[in-house]
Amino acid sequence: MKFAFTFFAGFFVLVSASFAFPFNSKLSEQELDSALNGEILIRNISSYKNICLDVENAEVNSCLDELRELNPRYFVEVLQIRKASDGDGVIKKLSELLSNVESYTKIPYYSERHKTTTPLYSYCKILSDSQADEMRNFTVDMEMPPFEVYTADISIKTDYENFLLYKSKNLNDMACISFVRVKENNLRSIVVAFKHDEYWIIYGIGAAKAPKIKFLTHRIEVAFISRVKAFCSFATSFLD
C-alpha cells in the first residue's frame, strides 16, 4: 500500500508539473525539465495527436487544426521556455527579427549528411509588404536549397508586448533536384510566443506533406528536422 501511494504521489507531481504549463501529457517530465533549463527542445513527432501544446487561444488552435487537416508526413515541434526575469522585450525582438525577411539568408544551416554549414535560404526577395493593425503580411520569393525558388506567404501578428504568432506557407509547388515535390500550401511553419506566469513560452512547428520515396525518406526527414532546428535556433539566439 505504501509503495502504491508513493507511486501515485510521484505520478501526481509529474502530471501537476506538466499541466502547470500550457502543455499536455505528450510532453514528458524529462523534456519539460530540459526546456526549463533553457534547452531548445526538438520533438520529431509523427502525428498531430502528438502535439504537446495545449492553449485556449483561438488563433493558435486554428493554426493547429489546419495542420491536422494537412496531415503532414514530416512534423517537428520546437520548444524553449525562458524565465521572464532573463530579459525584457522578447516579443518585440522576435517581431523585428522575423519581420526582417531578407535577413533569413543569414540563417546558418548545418548539413548532417555533408558535414558543412551553408545559408538555410540562399535567396529572399520581398514582393509585397503590408500592415493592418497588429498584422503584417509578406509575399516573398525564397530559395531553400535543394528546392528551387518558390513563393511564400508570411504573416506576423503581435502586440509587441505579450503575444506573437508567425505563420508561413508555400504558395506554389516546390520542385527539388532529388525528385521530391512539395505541393502548394503543403509546407507550413508556425511560431508562437507568449508569457505564462513567470516564463516566456516560445513554441514552433515545422510541417511538410511530401511524397514518400523509400530510399530517400530518412535523408529527407533528417534534412527537414535540421532546417526547422536552424530556423528556430536562429530566432531564439537573438533573445540572449
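Aspartate 133 is exposed, with a relative accessibility of 78%. In this predicted model, aspartate 133 sits in the loop that links β5 (123-132) to β6. Its phi is positive, about 55 degrees, although the residue is not a glycine.

Asparagine 71 is another non-glycine residue with a positive phi, again about 55 degrees. The loop that holds asparagine 71 runs between α3 (58-70) and β2 (74-83). Asparagine 71 has a relative accessible area of 56%, and it counts as exposed because the cut-off for that class is over 50%.

The two residues are set out below.

| Residue | Phi | Relative accessible area |
|---|---|---|
| Asparagine 71 | positive, about 55 degrees | 56%, exposed |
| Aspartate 133 | positive, about 55 degrees | 78%, exposed |

A positive phi is also found at glycine 38, where the value is near 95 degrees. Glycine 38 follows helix α2. That helix spans residues 29-36, and its buried residues are Leu32, Ser34 and Ala35. These three lie on the same side of α2, because the arc they cover around the axis is only 160 degrees.

The remaining backbone feature concerns a peptide bond. Proline 145 and proline 146 are joined by a cis peptide bond, with omega about 10 degrees. Proline 146 belongs to the loop between β6 (135-143) and β7 (150-158).

How values were computed. Residues numbered from 1 in each chain as written. Predicted model: local features only at pLDDT ≥ 70, side-chain atom pairs only at ≥ 80, totals over all residues. Heavy atoms only, no water. Buried < 20%, exposed > 50% of the residue type's maximum accessible area, 1.4 Å probe, protein only. Helix = DSSP H or I, 4+ residues; strand = E, 2+ residues; numbered from the N terminus. Arc of directions from axis to C-beta.
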